[in-house]
Every structure is written in structure tokens, then in C-alpha cells.
Amino acid sequence: MSALQHQHDRKTGEVWERLAMVTDPELDEPVTELGFVEQVSVDHDDRVEIVFRLPTYWCSANFAFLMADDMRRAVSSLPWVREARPQLRDHMVADEINKGVREGMSFGDALKGFAAGGSLDELREKFRRKAFERRQEVMILALRGLGYEDPAICRMNLGTFDAITFGSEDVARQKPRYRELLVERRLADHPADPAFVTFDGAPIKRHEMVSYLQRLRGVRINMEFNSSLCRGLLAVRYRELDGDRAQQAAAPCGGCGSGCAVRSVGSPAMDKHSSALA
Amino acid sequence: MFITPSGEEVFVIDGHTHFWDGSPANQLNVHGKQFIDCFYAYHTSLSPKDRLWPKEQFEKYSADQMYHDLFVDGPDDMAVVQSTYLTEFYKNGFNTIDRNAEMAKKYKDRFIVNGAFDPRDGEKALEYIHYMRETFGIKGVKLYTAEWKGDSRGWKLTDPNAYRCLELCQKLGIINIHVHKGPTIIPLDKDAFDVHDVDHAATDFQGLNFIIEHCGLPRLDDFCWIAVQETNVYGGLAVALPFIHGRPRYFAEVISELLFWVGEDKILFGSDYAIWTPRWLVEKFWNFELPEDLKQEHGVDLTPEAKRKILGLNAARLYGVDIEAQKAKLAQQVRATAAE
């Protein structure tokens, strides 16, 4: 492998690492794990293109915009990156989103033609809260599973929390993610700080734990609904991709949106797609 | 009729079915294609493998096929067939009331045909409600608040024009208002399927029943909260129920929440045909038992009595179906067909 090639691969790897830090706000899972990111390419001028697709053509435009914008920010934070260009494919407002993110427009301006309007900050905050609560529920239930009583959980500090080892893979994965939000939101920082507080920083009183958990469960049920639907729908979309291409190519579809734009080999849309990947 | 393993009869009203034409010939644009593709993805990702349909059949199926899937192979005794226009996506609409009524005419006493209106049509919407009531005698409508129209990407039940339509419905006896509040298929604005508008409308129209299709998922908590406050708010199980196959534990959690907050008298079965077919759904639902930990935690149970209510009794109450009389009519028909 040439030194140049090696350096190129390293850069591509760094981009993937950054992308792994971007989550789907509705699902609280990294976009890379969800399989949304299809292709990363770095050209000789250190401009990065990230091609991504969502489970359906109809996925919420606001979430699509958020993810594209988060990808741009995350990748741009690499010192060598000259420009990061997320390219959403096969989506009802792909063009508007790609242009908007590229030009640093607000969501409201980017999708003005669709009367969407509004800033996304509120939405971002709302989903930050949901992510926090979902991660927190995992930790509280895991602690209960280890035999911790509610009062002990309510008064547990960060130092104690850090020292606990969890057996379950999912819990072990969520632990640093929960902690990361505690620190990011300045809810807990020092070992003596309580590890379990509300998203607004209020203590969770032990007699309120049952109703508090009931609410967290509601948050989780909603997110899981989205999550399993999205995964299922994405799997179907990719399965179509992997399907019999020859047969698909015979289908009369060219230049249209989703599946067929990618599937139908030789269609104008496919050429466009391929060249974008090249 | 569903016959339980122990031989009891359970009367089934399928609260949510469609007779659509999503075929390429009827598609007006890429949105029409993407819309039916998305439905097909739902079908594919949540159905058991042996219940999968070929794409072409899914895009457009015959009336006979529907009859067979619901009433012959399937356990339905009656079905509510909903109307969804989507005229911006489909040349002749996706499933208009005319198409539905034409189909239903062939199969006496089987279908309850519901209409639809779009309050953004203003006066025309009011005229259309009159037309549907006079022509088809509708008792219910299905509303799709996220439907595109011109530059608009959705509407709310609380819009002044919507209130005028609801007033008219109440006056004419169109009392069952099914509202699609479900997965975000077409919301371009912040949250076109947000459920809060139901709260206000349900308070202001006590003579109407609001059946929230898909239970507002993924806004189940909001929906539950509203259903607790409002006695005339119901939950339709379409989309939630298919999880019983691939993710039974998840379904158990959802139905526990619903039983706890909304109660067994206010939950309605719906297959969402042709996204899913009713036979496997009803069979699995009847055989389903809540895990012990959820029973304990919520203090609820999915008893056979609760299942009967959800599968048919609740919808019968809403639509004024006399089950014994209906059974007799259907039995008569079966005898007549057999004699032919």
C-alpha cells in the first residue's frame, strides 16, 4: 500500500469515527450502527462527502436535517477537513436538505418552500431529554436488577456509579452514554455529585421513584416503537437493494425517488448515484 | 367468526381496513410510488414470512380477494373500511368512499363504509359531508391530518374549518371520528401527527367518539394521558398489534399501558388490511398472555373478556351493531350461499 493510500484510508477511518458520534435523535442510536451511512469519500483536496439514506422516503424532514447538520459539524471538527458535505439520498426533500446544510441555512430557511418553518433548537433539546431519560432508565433498572434499593439509587453518587460493573452488554454500552450526558449537561461532574437526577437537575425523591420510572418507561416505549419500525423498514429497503438487480433493471423506473433510483442499473438516476459515489 | 381453541365463538369487527389502488397505473407522481412502497415495507417488516404478499398484489387487490382474506380465510365478521383520498399522489385517489362503497355493495352486511373529509376544502367539505351521509349513510369518517394539499402539509382538528366540519358531523349523526395519529409517514412540519388537538376536539364535541388509530404511537404517553381525561377517546390497535409476532414482549408493554390508562372498553382491534391480514393477528392475539411481571406491575390483565371487547364488542357499541341480529343475518347468508 502506498503512503498516500494509507493516509487516505486513515482519513476515511477518522471520518467514520466522527460519524459514529452522531445519533438519530428519535432513536438515540449512532447513525453508523443504524446503517444510515452508505459511503464516505475523501477527495485530494480534503473535501469529504458522506452519502446517507434513511429508512423511508417520508422520514421526518426535521430529523433528516438534524442528522445531516450533525454529520457536517462532527466531520468538520477534524482539523484536516476542508469541507464536509452530507448527501441525503432518496428522500422527499433531499435536495432542499443537502443544499440547506451545505450553505449553513437554518431548517426554516432551507425548507421555506414547504412551509415547515421554525428553528430546530427546541427539537434538539427535546430529543436530548428523551435520550437522557432512556439511558437513565436502563441504568436504574439495571441497578435494581443488581439488588440496589430505590433509596440507595436516589442517593448514589457518581464515584460509586463509576465503580459498578454491569454484566449485560446493553447496560455496559449505555453506561458511558448515560455518563456522557450527565457531564455534558453539567448534571454531575465530581465523584461526590448524585448520579441520578432529573434532566432539569432536580433530585429524584425515593417515594417518587415509581411514578418517575413509569414516565421513563413511556419514553422508552415510544422510542422503541420508532426504533424497531425504522430498523425493519431500513432492512426492507436494503434487501430490495440486494435483490435481483437484473430483474429490477427490467422494471420501468428511471429517475424516480427511492429504491428504484438505486436499484435500476443504467437508469439516469443510477448513473447520478454512482458518480456521486465515485 | 373466530372460534377459540376451546370452541367458543368470538364476534370480530375489524375496525380498520382499506380497499386501495396503489398500482403504478394510478400513481400520479413519485410520492404515489413512495407511499405504497412505504406501506409495503411495513407489511414486509412486520408480517410473518408465510403471510407475505408479492408487491404487485399488494399494490392493487380485488374485492373478492379482500372478502376472502377478511371473512373466509380470516375471522372477521364485519369490517370498517376507511377512506383515504391522497389525490395529490393518486389519479383516482388511494381509496375513496366511492370505490369502497362500490366494493362493499357486493357483500351485504359485511362492511361499514366510512368517509373522509378535508377541512381545508372549506364550504366544499361541508357539502361533501352532506353528500356522504345522504348517499352512503356513513356513521364515521377517517381523518388524515398529515395529508398534503397544495402548499399545506397538514392540518389540525382544532382548525376553525375542522370545527365546522365536526359540528356538522355531530349534527348529522356521523359520530365516529377515526383519526390517523401514528408513525410519521408524511409530516413535513414539526409534528403533523401530534395528538394534542384531539384533546380539545374531544372536550368540545361530546357527541362524537374519537378513535385514535395506531394509539398515537410513537406518542403513546400523550395519547394515554388524553384518553384518561376524555371519556370519548378510544385507541385503535392497527400497527401496534403486528408487533405481537416479531416482538411480543414489546407488544405486551404497549397493551399493558393501554389497559392501564385507556382500559379494555376503549381499545379497538384493526388489522389495517391490506398492510396485514386479520387471521394471524386474531389468532396470535387470542393466544397471547401478558407476562406475569407486567400483570403485577400494572395491575392489569388481558383476560378473554377483555379480548372479546377489543376484538368486537367495543366497535359494535360504537357502530350500533346488534351482534345477535348480525350473527343471524350472516348465518342466513351462509346457508343461502350453500344452497345455491
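**Note on helix packing and cores in the predicted model**

1. Helix 5 of chain A and helix 8 of chain A, the latter spanning residues 169-184, pack with their axes 9 Å apart and at an angle of about 130°. That angle makes helix 5 of chain A oblique to helix 8 of chain A, and the crossing of the two is left-handed. The model is a predicted one, and the points below should be read with that in mind.

2. Where these two helices touch, helix 5 of chain A contributes A:A131, A:F132, A:R135, A:Q136, A:V138, A:M139 and A:A142, which meet A:D170, A:V171, A:Q174, A:K175, A:R177, A:Y178 and A:L181 in helix 8 of chain A. Sorted by class, this contact has eight nonpolar, two polar and four charged residues.

3. Is A:G145, which has 12 C-beta neighbours inside 10 Å, buried or exposed? A:G145 belongs to helix 5 of chain A, which covers residues 121-145, and it counts as exposed because a residue with 12 or fewer such neighbours is placed in that class. Its C-alpha atom is separated by 45 Å from that of A:E49, a residue 96 places away along the chain.

4. Turning to helix 3 of chain A, residues 94-102, its buried residues are A:A94, A:E96, A:I97, A:N98, A:G100 and A:V101. What covers these buried residues includes helix 2, strand 5 (83-89) and helix 4 (107-110) of chain A. After helix 3 of chain A comes A:G104, which has a positive phi near 65°.

5. The largest nonpolar core holds 145 residues, and within it A:I97, B:V198, B:F210 and B:I212 touch the most other members. Its largest share, nine residues, is supplied by helix 2 of chain A. Another core lies apart from it, with 13 residues that include A:L158, A:L182, A:A188 and A:F196. In soluble globular proteins, nonpolar side chains tend to be buried together.

6. The surroundings of B:F210 can be listed: once its neighbours within four places in sequence are left aside, B:F210 is in contact with B:I177, B:V179, B:V198, B:A201, B:A202, B:N232, B:V233 and B:Y234.

7. A:L27 sits in the loop between strand 1 (23-24) and strand 2 (29-30) of chain A, and it counts as buried because it has 23 C-beta neighbours inside 10 Å, where 20 or more are required. Beyond the neighbours within four places in sequence, A:L27 is in contact with A:L34, A:M223, A:N226, A:S227 and A:C230. The C-alpha atoms of A:L27 and A:L158 are separated by 26 Å, the two residues being 131 apart along the chain.

8. For chain A as a whole, there are twelve helices and five strands, and 40% of its 278 residues count as buried. Among its contacts between residues at least 6 apart in sequence, 61% join residues at least 24 apart.

Conventions
Residues numbered from 1 in each chain as written. Chains lettered and ligands numbered in written order. Predicted model: local features only at pLDDT ≥ 70, side-chain atom pairs only at ≥ 80, totals over all residues. Helix = DSSP H or I, 4+ residues; strand = E, 2+ residues; numbered from the N terminus. Contact = placed C-beta atoms within 7 Å. Core = buried A, V, L, I, M, F, W, Y, C linked by C-beta atoms within 7 Å. Axes fitted to C-alpha atoms, helices over the stretch in contact; angles between N-to-C directions. Parallel < 35°, antiparallel > 145°, perpendicular 65-115°, else oblique. Left-handed = near helix turned anticlockwise from the far one by under 90°. Nonpolar A, V, L, I, M, F, W, Y, C, P; charged D, E, K, R; others polar.
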